[in-house]
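Welcome, and please take a moment to look over the sequence and the model. We will walk through the structure one part at a time.

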Amino acid sequence: MIRESAEYDVLVVGGTGVDTVVRVDSLPVPLADSVQVGPIEEWPGHTGANVALGTRALGLEVGLIDCIGDDWTGSQVRDLLARGDVDFAPLISPAGTRRAVNLVDANGRRMSFYDARDPADLRMPRDFYLPRLRRTRHVHLSIMNFARFLFDDIEALGVPVSTDLHDWDGLADHHREFALRSDLVFLSAAGAGDNIPALMREILREGRAETVVATAGAEGSYLLTRDGGPTPHHVPAAAPHAPVVDTNGAGDAYVSGFLYGRLTGRDVRECGRFGALAGAHACTAPVATDPITRKSLLAADQIA
């Protein structure tokens with residue numbers, strides 16, 4: 001295949017929706033017929049939108065394609081991405097726009113109830129996504145089922161691809177193709193627990209990834225590369241510049257900072273430090289609504 005000149009630094013595929021945020025005193029919530037909570041809020045975003053907005057705030061040229069509904073929630077997603085100057089090209093899905101209900105405790109920890117409403121046969125037409133794949137330096141695939149069907153064309157074009165497996169335990173089949181067919185793999189250490197180093201090594205051994213990154217919240221993150229030995233390198237968490245409000249979107253912010261480092265020629269440890277700084281910044285605002293700018297990121301990097 002012949003690639004056209006790049007228009008995007010990053011093309012994000014999938015992962016938009018609206019969060020309903022319910023703030024509770026603690027998790028798990030008491031088993032009761034009714035629990036008094038603070039004001040319930042609606043926030044457009046989700047993982048793909050957060051990565052797109054985060055990388056755009058860092059000065060990269062960003063596009064996003066997804067399937068959303070012709071509904072109120074879809075209009076909120078459109079407005080959010082327009083305000084963030086992301087080139088958003090949605091396809092209309094009869095299933096509507098995805099939603100999630102997130103319980104957030106006083107320490108910013110969350111429990112998310114995700115609305116996976118996409119039908120199993122949902123697909124993006126090839127003539128819709130292929131021109132955009134030809135005009136990007138990097139693709140970031142959210143783990144939407146329809147996104148897996150872009151892998152063949154991404155590989156044929158030779159475009160680097162990343163994905164975030166979130167809390168994959170190494171067993172669920174849905175995530176496996178994303179894990180083994182991506183060049184850069186992010187996942188949460190919470191999913192596999194003590195087995196996370198072994199899972200990171202398995203992804204490198206069995207797949208095409210050059211780098212695997214496991215995020216671990218306040219414990220920092222861990223980086224493993226093909227040529228870096230069998231033990232993941234630890235990147236300490238960064239100290240937030242203000243009190244922690246909400247950890248929703250912190251992992252997406254980490255991905256944004258890491259991708260900025262990668263696309264501006266930093267080595268993998270610098271990328272991890274950028275991710276840590278961006279993730280810490282995200283925790284100081286509700287639902288990652290204040291992505292770190294390039295100026296603030298580079299200034300924080302000088303201080304760290």
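A pocket, as the word is used here, is an open set of points on a 1 Å grid over the protein atoms alone, with protein on both sides within 12 Å along at least five of seven lines, where a 1.4 Å probe fits; its lining residues have an atom within 4 Å of a point. Grid points are joined across faces, edges and corners, and a volume is the space filled by probe spheres set on the points. Please keep in mind that this is a predicted model, in which local features need pLDDT of at least 70 and side-chain atom pairs count only at pLDDT 80 or more, while totals for chains, interfaces and linings use all residues. Residues are numbered from 1 along each chain as its sequence is written, and side-chain values use heavy atoms, leaving out hydrogens and water.

Let us begin with the second largest pocket, which holds about 190 Å³ of space. It is lined by 12 residues, and Ala239, Pro240, His241, Leu277 and Ala300 are the closest to its centre. Helices and strands are DSSP runs numbered from the N terminus (helices: H or I, at least four residues; strands: E, at least two). Two of them, α9 (268-282) and α10 (294-303), each contribute at least two residues to this lining. Nine of the lining residues are nonpolar, three are polar and none is charged. In that count, Ala, Val, Leu, Ile, Met, Phe, Trp, Tyr, Cys and Pro are nonpolar, Asp, Glu, Lys and Arg are charged, and the others, Gly among them, are polar.

Now for the strands. Two strands pair if DSSP finds at least two bridges between them. Strand β2 (residues 17-23) runs parallel to strand β6 (residues 99-104), with six bridges, and Arg23 has Val104 of β6 as its bridge partner. Val104 also has a bridge partner in β7, namely Arg110. Here β6 and strand β7 (residues 110-114) are antiparallel and joined by five bridges.

There is also an open sheet of nine strands with mixed pairing, in the order β5-β4-β1-β8-β9-β10-β11-β12-β13. Which strands stand at the edges? They are β5 (87-92) and β13 (233-235); each has a single partner strand, so one side of each is left without a neighbour in the sheet. From one strand to the next, the twist averages 20°; such angles run from 0 to 180 degrees between N-to-C directions, with axes being lines fitted to C-alpha atoms, for helices over the stretch in contact. Within this sheet, β9 (residues 161-164) and β10 (residues 184-188) are parallel and share three bridges, and Ser162 is opposite Leu184 of β10.

Next, the backbone. Most residues other than glycine have a negative phi, and most peptide bonds are trans. The bond from Leu27 to Pro28, however, is cis, with omega near 0°, and Pro28 sits in the loop between β2 and β3 (41-45). His46 has a positive phi of about 80° and lies in the loop between β3 and α1 (47-57). Asp85, in the loop between α2 (72-83) and β5, has a positive phi near 60°.

Are these two residues buried or exposed? Buried means under 20% relative accessible area, exposed over 50%, and partly exposed in between (1.4 Å probe, protein chains only). His46 is buried at 7%, whereas Asp85 is partly exposed at 48%.
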